[in-house]
Amino acid sequence: MPGSIVNAQEKEAQSQAVALFVSDVHLQPSLSRTTQAFLDFLHRHASHAQQLYVLGDLFEYWAGDDDIVTPYNQRIADALKSISDAGVKLFWIGGNRDFLVGEDFARAAGMTLLAEPYVADIAGHRITLVHGDAQCTDDHGYMAFRAQVRQPEWQRNFLILPLAQRKEIIDRMRSGSREAQREKSYEIMDVNPEAIASLFEATDATTMIHGHTHRPGAHEHQVNGRTCIRHVLPDWDCDHQPMRGGWIAIDADGRFKRFNVDGMVVRQD
Ligand code: MN
């Protein structure tokens, strides 16, 4: 039966996964299929891995950890917590949309918050992990915004506002950012090669995984005579055609595999 062959392949992929990496799911209540696809990913795939790294923008936006009482957010936290309770180690790097996720959400979801860049040693690889927005240095407008909202003082002042007011401000910011993006070129919205090279240098790594740009792929960079590989994660959208999404897995032998949202291997390095 073809179904059982697929299941056998899926099972093999699951049992060998040391670490999975996912980002840019952009979870929001209005995207019910995307939400379900992510919950399926946790249940069917991440639950069989030793480690899961969420590399930013899991949520379309995050107004503060007091928003965890929203049933939708609670459902996501509970799903993460259930695989954490089952023994999967969960790690989190915030994205440009959910950088306000803090210790309260991390505790509810059973996750460990990491500061970026984070260097992980996995199956013989030294891997630099970032969301990717800090390397888009050609986007001067965004970099100025980022510098502002990443200040502890800005965050303190924002988080003392009532939740409803924070959501209104975020709504306005999101429409402003959509407007601004329409005017920016394709190049400006990608990572800057020099920023990537200096990150490889600073972290003394030859492998990197990030998201943010929504341009999945694997790229070679020459840094001080060394060949470095940069893996870019896809964004997710299962509510519109063609469906997008997926993750990267590293198996016990240190092989990188890229999976699509249906759990099929689409590339192996
Ligand atoms: Mn992002």
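Which helices each supply at least two residues of the lining of the largest pocket? In this predicted model, they are helix H5 (140-149), helix H6 (152-159) and helix H7 (163-182). H7 gives the most, with 7 residues. The largest pocket holds about 960 Å³ of space. Its lining comprises 39 residues, and the closest to the pocket centre are Asn96, Arg97, Ser177, Gln181 and His212. By class, the lining divides into 16 nonpolar, 11 polar and 12 charged residues.

Helix H3 was examined next. It runs over residues 71-85. At 1.5 Å a residue, its 15 residues should span 21 Å. The end C-alpha atoms are 20 Å apart, which agrees with that expectation. The buried residues of H3 are Tyr72, Asn73, Ile76, Ala77, Ala79, Leu80, Ile83 and Ser84. These residues cover an arc of only 155° around the axis, so they lie on the same side of H3. An α-helix has 3.6 residues a turn, and residues three or four places apart therefore point the same way. The face of H3 turned away from the buried side carries two exposed residues, Pro71 and Asp85.

The buried residues of H3 pack against several elements. These are helix H2 (32-44), strand E2 (51-54), strand E3 (89-92), helix H4 (103-109) and strand E4 (111-113). After H3 comes Gly87, with a positive phi near 115°.

H2 also contributes buried side chains. Its 13 residues reach 18 Å from the first C-alpha to the last, close to the 18 Å expected at 1.5 Å a residue. Within H2, the residues Thr34, Thr35, Ala37, Phe38, Leu39, Phe41 and Leu42 are buried. Their cover includes H3 and E2, together with strand E1 (17-22) and strand E10 (246-251).

Thr207 has a relative accessibility of 7%. Buried means under 20%, so Thr207 counts as buried. Leaving aside residues up to four places away in sequence, Thr207 touches His125, Arg126, Ile127 and Thr128, as well as Phe200, Ile229, His231 and Phe256. Glu220 is 13 residues from Thr207 along the chain, and the two C-alpha atoms are separated by 9.5 Å.

Definitions and conventions:
Residues are numbered from 1 along each chain as its sequence is written. This is a predicted model: local features need pLDDT of at least 70, side-chain atom pairs count only at pLDDT 80 or more; totals for chains, interfaces and linings use all residues. Side-chain values use heavy atoms; hydrogens and water are left out. Helices (H or I, at least four residues) and strands (E, at least two) are DSSP runs, numbered from the N terminus. The expected span of a helix is 1.5 Å times one less than its number of residues. Buried means under 20% relative accessible area, exposed over 50%, partly exposed in between (1.4 Å probe, protein chains only). The arc is that of the directions from the helix axis to the C-beta atoms. Contact means heavy atoms within 4.5 Å. On a 1 Å grid over the protein atoms alone, a cavity is a set of points where a 1.4 Å probe fits but cannot get out, and a pocket is an open set with protein on both sides within 12 Å along at least five of seven lines; lining residues have an atom within 4 Å of a point. Grid points are joined across faces, edges and corners, and a volume is the space filled by probe spheres set on the points. Ala, Val, Leu, Ile, Met, Phe, Trp, Tyr, Cys and Pro count as nonpolar, Asp, Glu, Lys and Arg as charged, and the others, Gly among them, as polar.
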